[in-house]
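Subject: A structure for you to look at

Hi,

Here is the structure I promised to pass on to you. Please open it beside this email, and then read on for what turned up in it.

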Amino acid sequence: MSAAPPRLLLPLSRLLVISRPALWVNTIGTLVTGVWLTGRLYTLDGGVLALLLYLTLPFNLLIYGLNDLADREEDARSSRKGGWQGARLRPEEEGPLRRSTLLLNAPLLLGLAMWLPPAATATLLLAAALFVGYSLPPLRFKARPFLDGLSNVAYALPLALPALALGAPVPWAPLLALMSYSVGKHAFDAAQDIPADRAAGTRTVATTLGTRGVAAYALAWFTLAGALLWPVSRLTALALWLTCGGMALALLRRPAPEQAGRLYPLSIVTPWIVGSVAGVQLVYLLARGQWDGL
């Protein structure tokens, strides 16, 4: 009996799992918040709507698919992979995943580059380049302590895209706050992977600082993020300090990768919590005509 021919592409159901839909809020939620920050409750602008669609499966597959490809050795040792926290790839899936990721991203990025204003295009391409550089050689920021977290400012860049696409002012304070949050969250999330990363010989900010050190490092970034948000929304700043600062303090009190793993579900929902606090305020002010953008 002859063996089945190798797949050219992965099925959509598998691509969805690899793209981690639970984390799509980090891209589409950030873009929607960026729309609200321009002073609009919604927009029918074609470029923004195209961005919204792109930041679902294609962009998240670029982020997490390439990460899973590069981290197969570490993921094989990680008990949290193989479910909703990240796929554990089979060897025969590597080629089809590369082709699927390229097919879903390259044409759409090219189309968006032809449609969007140059500043929005450059920002989108910078975000994509940072995510590719995080996972893949020769840059592979993930294996470069401190650069691994700093490259995660890419998660914040969609916040600026609506303003750049619509010709509105860039919301600098929220953008810088989200960049700080992203660096801190990356460091915090990396703490649970210290044993697997050390076993694989991968140096990260967490393996370099240790659990206690990386908890303090994350806390500093969360503190800065809240301070940057304070002049814009004190309630959002407080929500960030309570949730993110609270989990960093909890890890400081019990600095162990296992504790970081127990706190990880809270880390996953912090974008939902802080984003909801900010979003409800923005929608309320927009509906009452009391917010016209930054």
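**Starting from Leu 251**

Leaving aside its neighbours within four places in sequence, Leu 251 touches Phe 188, Ala 191, Thr 211, Ala 215, Ala 256, Gln 259, Ala 260 and Leu 263; contact here means heavy atoms within 4.5 Å. Before going further, please keep in mind that this is a predicted model, in which local features need pLDDT of at least 70 and side-chain atom pairs count only at pLDDT 80 or more, while totals for chains, interfaces and linings use all residues. Residues are numbered from 1 along each chain as its sequence is written, and side-chain values use heavy atoms, with hydrogens and water left out.

Leu 251 sits in helix α13. Helices (H or I, at least four residues) and strands (E, at least two) are DSSP runs, numbered from the N terminus. With a relative accessible area of 0%, Leu 251 is buried; the cut-offs are under 20% relative accessible area for buried, over 50% for exposed and in between for partly exposed (1.4 Å probe, protein chains only).

**Two helix pairs**

Two packed helices are described by the angle between their axes and the distance between the axes. Axes are lines fitted to C-alpha atoms, for helices over the stretch in contact, and angles run from 0 to 180 degrees between N-to-C directions.

How do α13 and α14 pack? Helix α13 (residues 234–253) and helix α14 (residues 257–287) have axes 9 Å apart, at an angle of about 175 degrees. The two are therefore roughly antiparallel; angles under 35 degrees count as roughly parallel, over 145 as roughly antiparallel, 65 to 115 as roughly perpendicular and the rest as oblique. On the α13 side, the contact includes Leu 235, Met 247 and Leu 251, and on the α14 side it includes Gln 259, Leu 263 and Gln 281. Sorted by class, this contact has 14 nonpolar, six polar and no charged residues. Ala, Val, Leu, Ile, Met, Phe, Trp, Tyr, Cys and Pro count as nonpolar, Asp, Glu, Lys and Arg as charged, and the others, Gly among them, as polar.

On to the second pair. The axes of α12 and α13 cross at roughly 170 degrees and come within 9 Å, which makes α12 roughly antiparallel to α13. Among the residues that meet are Thr 211, Ala 215 and Phe 222 in α12, and Leu 240, Trp 241 and Leu 251 in α13. The contact of α12 with α13 has 16 nonpolar, five polar and one charged residues.

**The nonpolar core**

A nonpolar core is a set of buried Ala, Val, Leu, Ile, Met, Phe, Trp, Tyr and Cys residues joined through side-chain atoms within 4.5 Å. The largest one has 81 residues, and those with the most contacts inside it are Tyr 54, Phe 59, Leu 97, Leu 124, Phe 222 and Leu 240. Helix α12 (residues 205–229) gives the most to this core, with ten residues. Beyond its neighbours within four places in sequence, Tyr 54 is in contact with residues including Phe 59, Leu 104, Asn 105 and Leu 124.

**Helix α2**

Why is α2 described as largely enclosed by the rest of the structure? Ten of its 13 residues are buried, so the rest of the structure largely encloses α2. These buried residues pack against α3 (46–54), α4 (57–70), α9 (161–166), α10 and α14. One of them is Thr 33, with a relative accessible area of 19%. Leaving aside neighbours within four places in sequence, Thr 33 is in contact with Leu 159 and Leu 282.

Most residues other than glycine have a negative phi, and most peptide bonds are trans. Arg 20 has a positive phi of about 55 degrees although it is not a glycine; Arg 20 is in the loop between α1 (12–18) and α2, and at 7% relative accessibility it counts as buried. Phe 146, also not a glycine, has a positive phi of about 80 degrees, and is partly exposed at 32%. A cis peptide bond, with omega about 10 degrees, joins Pro 137 and Pro 138.

Enjoy exploring!
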